Amino acid sequence: MIVVGSGGKHLEEELRRLDGTLIEVEIKRFPDGEKYVRVSGSSREVTVIQSTFAPQDEHIIELLLIADALREKGAEKLKAVIPYFAYSRQDRVTKEGEPVSVRAIMKALGVYYDELYIFDLHNPETLRFFPGKAVNVSSARAIATYFSDKLGDGIVLAPDKGARKRAGAVAKKLGLEFGHFEKKRISPTEVQMRPVDVEVEGKNVLIVDDIISTGGTMIKAANLLRKMGAEKIFVAATHGVFAPGAVERVSKAVDELAVTNTIPTPVSKISIVPDILEL
Ligand code: R5P
């Protein structure tokens, strides 16, 4: 049984089509702005699907209210599937007095949920803050399937070494070579990038990252690949956390931009719903 919060509404139609059994939930606001939630059913085991893109705090509160309502109706086991996990980038204290925000949210969810599934978490090590079973789900299947007939004998690249594992997983599914961009600081204001482990000239290239925000990382990589003689340049990411104007800027710099639907955006062309239904 599945409950979909307002941060998962954009996935609901496909969830129904692919045979997910949904419990209806009414979500509205009290006149003072507080959230009101009412679930129309329950079951011994329920999965709550809620992505926590903006307005992030609202989506997090809903996760708690829905879980409380389901427990009230007798649910014994609750799973949270959170396609995009907000606050995931605040995973350390950089200035004294700051919280580890990702820890705060995971601990709060742990009061209600037994299991937590997150797609492509920014720092998978932070899953340890959740007291129950916590799983980082890969979007590699979804991304590879979408690009399977677009790349020919092209290559897959990660925009930096840290993202290599993710790009490698996509490349493996496509049976293609992969590499990453190496960043070298050449002055206090200038960082030089170059792809390592692969030859890009004359090849179609897919660059894969977890998040696109301003688009700066992808645009820089794409411009460099053009100069180096790459053929078509495709850009993919799990989470399109686009800053204003980023979709247009990236789209202009590459042959195609596609992200998954962990967040609804005009370029969320890749669906993770089949992966959710397998959890
Ligand atoms: C960084 O750690 C992430 O993996 C992304 O590379 C980053 O968030 C992309 O940001 P932007 O689109 O602003 O360059």
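Start at strand E12: the largest share of the shell around the ligand, four residues, comes from E12. Strands (E, at least two residues) and helices (H or I, at least four) are DSSP runs, numbered from the N terminus. The model is predicted: local features need pLDDT of at least 70, side-chain atom pairs count only at pLDDT 80 or more, and totals for chains, interfaces and linings use all residues. Residues are numbered from 1 along each chain as its sequence is written, and side-chain values use heavy atoms, with hydrogens and water left out.

**Ligand shell**

Select the ligand and its surroundings. The shell holds His-122, Asp-209, Asp-210, Ile-211, Ile-212, Ser-213, Thr-214, Gly-215, Gly-216 and Thr-217. Each has a heavy atom within 4 Å of the ligand. By class, the shell has two nonpolar, six polar and two charged residues. Here Ala, Val, Leu, Ile, Met, Phe, Trp, Tyr, Cys and Pro count as nonpolar, Asp, Glu, Lys and Arg as charged, and the others, Gly among them, as polar.

Now show polar contacts (pairs of N or O atoms within 3.5 Å). A polar side-chain atom of Asp-210 sits 2.5 Å from a ligand oxygen atom. Ser-213 places a backbone N or O atom 2.7 Å from an oxygen atom of the ligand. For Gly-215, a backbone N or O atom is 2.8 Å from a ligand oxygen. On its own the ligand has 380 Å² of accessible area, and the protein covers 75% of it (Shrake-Rupley method, 1.4 Å probe). E12 (205–212) and helix H6 are the elements that give two or more residues to the shell.

**H6 and H7**

Show the side facing H7: Met-218, Ile-219, Ala-222, Asn-223 and Arg-226 of H6 meet Arg-249, Val-250 and Ala-253 of H7, with contact meaning heavy atoms within 4.5 Å. This contact has five nonpolar, one polar and two charged residues.

**Two loop stops**

Select Pro-55, in the loop between strand E5 (45–49) and helix H2 (56–72). A cis peptide bond joins Ala-54 to Pro-55, with omega about 0°.

Finish at Tyr-87, in the loop between strand E6 (77–82) and helix H3 (101–110). Phi of Tyr-87 is near 70°, a positive value in a residue other than glycine.

Notes. Polar contact = N/O pair within 3.5 Å; in protein donor to acceptor, adjacent residues only side chain to side chain.
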